[in-house]
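Have the model open as you read.

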Amino acid sequence: MTIEEATAKIDKEAEELGGQYAQLIASHIIEHELISAENAERVKDKTLKACVEQVKSKAKKQAQGNVAVVEDATVWSWVRDFYGFQDAASSKIVDLFDLL
């Protein structure tokens, strides 16, 4: 799956789900996680709906009463873990001088 195909898949799923959380997570995935063909491929067999449900479930486990406050970085790490995305830092960096 290409980055463009993965972006289209996530976009379509977010539109079908509607809701603020699905849109926020989809935007984050498209802007920050679809940085490589490997990450794009990881979107293929998983759904945004399942990702949103897992994030909500984890947030509920941290809730006190009916209130859950979760840092953005924690939510994004849950999203990365769900899809198995590789961090940008773990992507292989190519030195342009190596190509000369």
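Is the crossing of helix 4 and helix 5 left-handed or right-handed?

## Helix 4 against helix 5

Right-handed is the answer for helix 4 and helix 5, where a crossing is right-handed if the near helix is turned clockwise from the far one by less than a right angle, and left-handed if anticlockwise. Before going on: this is a predicted model, in which local features need pLDDT of at least 70, side-chain atom pairs count only at pLDDT 80 or more, and totals for chains, interfaces and linings use all residues. Residues are numbered from 1 along each chain as its sequence is written, and side-chain values use heavy atoms, with hydrogens and water left out.

The axes of helix 4 and helix 5 (residues 72–83) come within 10 Å and cross at roughly 135°. Helix 4 and helix 5 are therefore oblique to each other. On the helix 4 side, the contact (heavy atoms within 4.5 Å) uses L48, A50, C51, Q54, V55, K58, A59 and Q62; helix 5 brings V75, W78, V79, F82 and Y83. Sorted by type, that's ten nonpolar, two polar and one charged.

## Helix 2 against helix 4

Helix 2 (residues 20–33) packs on helix 4 (residues 48–62) at about 110°, with the axes 10 Å apart. That makes the pair roughly perpendicular, a label for angles of 65 to 115 degrees, with under 35 roughly parallel, over 145 roughly antiparallel and the rest oblique. Helix 2 also passes helix 4 in a right-handed crossing.

Y21, A22, I25, A26 and I29 of helix 2 meet L48, C51, V52, V55 and K56 of helix 4. This set splits into nine nonpolar, no polar and one charged.

## K9, a buried lysine

K9 sits in helix 1 (residues 3–17). Its relative accessibility is 18%, so K9 counts as buried (under 20% is buried, over 50% exposed, in between partly exposed, with a 1.4 Å probe and protein chains only). A polar atom of the K9 side chain lies 2.7 Å from the backbone oxygen of K46. Not counting residues up to four places away in sequence, K9 touches M1, V43, K44, K46 and T47.

## H28 in helix 2

Back in helix 2 we find H28, which counts as buried because its relative accessibility is 10%. The side chains of H28 and E33 are joined by a polar contact of 3.1 Å (a pair of N or O atoms within 3.5 Å; within protein, one must be able to donate a hydrogen and the other to accept it, and residues adjacent in sequence count only if both atoms are side-chain atoms). Neighbours within four places in sequence aside, H28 is in contact with E33, W76 and R80.

How values were computed
Helices (H or I, at least four residues) and strands (E, at least two) are DSSP runs, numbered from the N terminus. Axes are lines fitted to C-alpha atoms, for helices over the stretch in contact, and angles run from 0 to 180 degrees between N-to-C directions. Ala, Val, Leu, Ile, Met, Phe, Trp, Tyr, Cys and Pro count as nonpolar, Asp, Glu, Lys and Arg as charged, and the others, Gly among them, as polar.
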